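Subject: Structure for your files

Dear colleague,

Here is the structure we spoke about handing over. Please open it alongside the notes that follow.

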Amino acid sequence: YGFINICLKSLVVEKYGEETWEKLRLQAGVQDSFFTFEVYKDEITMQLVDKACKMLDIPADMVLREFGEYFFEFCKRSGYDHMLRTLGGNLYEFIENLDALHSYLSLSYQEMNAPSFRVEKNEDGSMHLHYYSDRRGLCHIVPGIISAAALDFFNTEISMKIVNQTEEEERTGKKEHTVFLVTQNPIFSYKERDQYSSSPQCLADSEKQIENQLNKEDLEKAKNTIRDRASSVCPVKKSHWKTIRGIITLGKGKLLRGFDPVYPKSLWIDTKTFCNGLPFHMVFDKELRVKQAGVSIQKIVPGLQTMGTCLDHYFSIVHPEVPFTISSIQKFINSQFVFQTRREMMPESWKQRPMLELRGQMMWMESLQCMLYLCSPLLRTLHELEERQMHIADIAPHDVTRDLILLNQQRLAEMELSNQLERKKEELRILSKHLEEEKKKTEALLYAMLPQHVANQLKEGKRVEAGEFKECTILFSDVVTFTNICAQCEPIQIVLMLNSMYLRFDRLTTVHDVYKVETIGDAYMVVGGVPVPVPTHAERVANFALGMIIAAKGVQNPVSGNPIQIRVGIHTGPVLAGVVGEKMPRYCLFGDTVNIASRMESHGVPSKIHLSSSAYQCLRYKNFEMTERGEIEVKGKGKMHTYFLIRNTTATENEIMGRP
């Protein structure tokens, strides 16, 4: 179920970060989100684990153990804390009831294929934990889960070692069978307490403490009991205080003599009442011959009315997946057993209905050499009850299956609602992600038209004040003989030529971090030091201009087929900059600096970079080779001393063009 994959994602994100999860899922080729109650292929989880081992360079057993520890905490956080905590009073009982927990969860997670656990106590206090699973290679999750549970619920540290790993033959179907040796190690504080409690001083203090808590009469009774029962109840090695502590409940003053049940000499219930009161029970011997059956199961499976008939003719074992023999049943006697009726042995009226499943426990009766199967119908919903044409009345009033069906009906409805909410949440997340992507595209387009800080002010509805820049460098360029080219070409050819040229120029603005002001026809205008003032504005524009000359050689003249030629003019000086207009607002530059830069371009020479004297002064000591043009007559400005920029003496062509 998606719950497992959500847990795995949460572990990776929490411990290694969102970026690691993104890389992991892309390598594994899986989706980003999972739904708790949706079934996914095992391959998805296996692929994620496999890629995580490779990406993090951690052995698979360590990754799985870490996942096991985290899975336990994740289950607690997800609302299963109380359910897990109440499974058993000690680790043995906890493990013994894990299958029962899975059986309960399968009411909601109907397609769940859970592992199975069987535990055996050893004389030395250790345990053998048998783990069965359809999924190979996941056994290392078990030590992680069990260790975390032992430490959290029972304040005990454990060590788990694999002692056997085989392909189980006793169970039907191929099951991975791993046997762990579980050794419980008391935590340091317990050791410390035990060491202290064995000292004479501690014994004296403890007896004094208990005397204060108990009345003298109860204490005397306890001591007498110790003397009377020393040989049978308490080992010789136990101290006087330990024995008292084992018999007396602190603070209550009551003796705990041990519980001995009282049984009647004869059973005070007649056969008819027993079969009516437990309508779904069955008793069978070692040969699986039916000796007794409840009235309801007889009604559903009439063949059971013939006493002595073989039980395996009418039922198959669904869980645990073992052969239908008395030895296999005895081996897994602590597990919940699920029987399913065999279709071929059912009455004609059942042929079109789903088969009935029974769930319950096995109890071996040594004196009779028979097995008692106390069970109830395994029904999850009212719909399943109706499908089998059964009624609530068919289930005994004392049987909690009645309540379970009704409660689970409500639970499934809540799960469906939760599932729908999860899906809606995921849809909203995807929409939000798409919205964010579109927002970024819109912002990128806006920032391409206006400086970022200006665009942000306009988005916020603020008025953008004009700004004065004391020094900046402006560049103009145009295509030589552009008018003649336009006269001899189709408009589309002109558009393609200009687009090819401008794409190259636009890339260079990013390389040299200059601001593109505008393009008008074949004219291209950039500025350095505006809108963000920088001391290297002249060098940036100069390098950009050198890149333009090189880039223009890659653009073809549609008339002649030769590379186009451009003129470039550069001037440095003060400007005023601001946003003009409301519809299609533009960030414009004003001042005489703009006019002079334009004149440098119009009075320039093809494939040359024309500099004003102020631009020359800025570049004079900055690793640029320049030649003097001399005085020229400039329209509207009179005579001006100008220069040509030849090259950058320290930068290579690849650096100028921003190539790797």
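The largest cavity has a volume of about 90 Å³, in what is a predicted model. The structure holds 1 cavity of 30 Å³ or more. Its lining is made up of L8, L11, V12, Y16, A52, L56, I58, V63 and E66. Of the elements, α1 gives the most, with 4 residues. By residue class, the lining of the largest cavity has 8 nonpolar residues, no polar ones and 1 charged.

On the cysteines, the structure holds 0 disulfides. C75 is in none, and the nearest cysteine sulfur, that of C7, lies 6.7 Å away, whereas a disulfide would need the two sulfur atoms within 2.5 Å. C75 counts as buried because its relative accessibility is 9%, under the 20% cut-off. C370 also has 9% relative accessibility and therefore counts as buried.

A word on confidence. The mean pLDDT of the chain is 84, and 88% of the residues reach 70 or more. There are stretches to treat with care. Over residues 189–215 pLDDT stays under 50, and the model has 22 contacts beyond four places in sequence for them. Residues 248–256 also stay under 50 in pLDDT, with 20 such contacts beyond four places in sequence. Where pLDDT is low, the predicted coordinates should not be read in detail.

Regards

Technical notes: Residues are numbered from 1 along each chain as its sequence is written. This is a predicted model: local features need pLDDT of at least 70, side-chain atom pairs count only at pLDDT 80 or more; totals for chains, interfaces and linings use all residues. Side-chain values use heavy atoms; hydrogens and water are left out. On a 1 Å grid over the protein atoms alone, a cavity is a set of points where a 1.4 Å probe fits but cannot get out, and a pocket is an open set with protein on both sides within 12 Å along at least five of seven lines; lining residues have an atom within 4 Å of a point. Grid points are joined across faces, edges and corners, and a volume is the space filled by probe spheres set on the points. Helices (H or I, at least four residues) and strands (E, at least two) are DSSP runs, numbered from the N terminus. Ala, Val, Leu, Ile, Met, Phe, Trp, Tyr, Cys and Pro count as nonpolar, Asp, Glu, Lys and Arg as charged, and the others, Gly among them, as polar. pLDDT is the predictor's confidence in each residue, from 0 to 100. Contact means heavy atoms within 4.5 Å. Buried means under 20% relative accessible area, exposed over 50%, partly exposed in between (1.4 Å probe, protein chains only).
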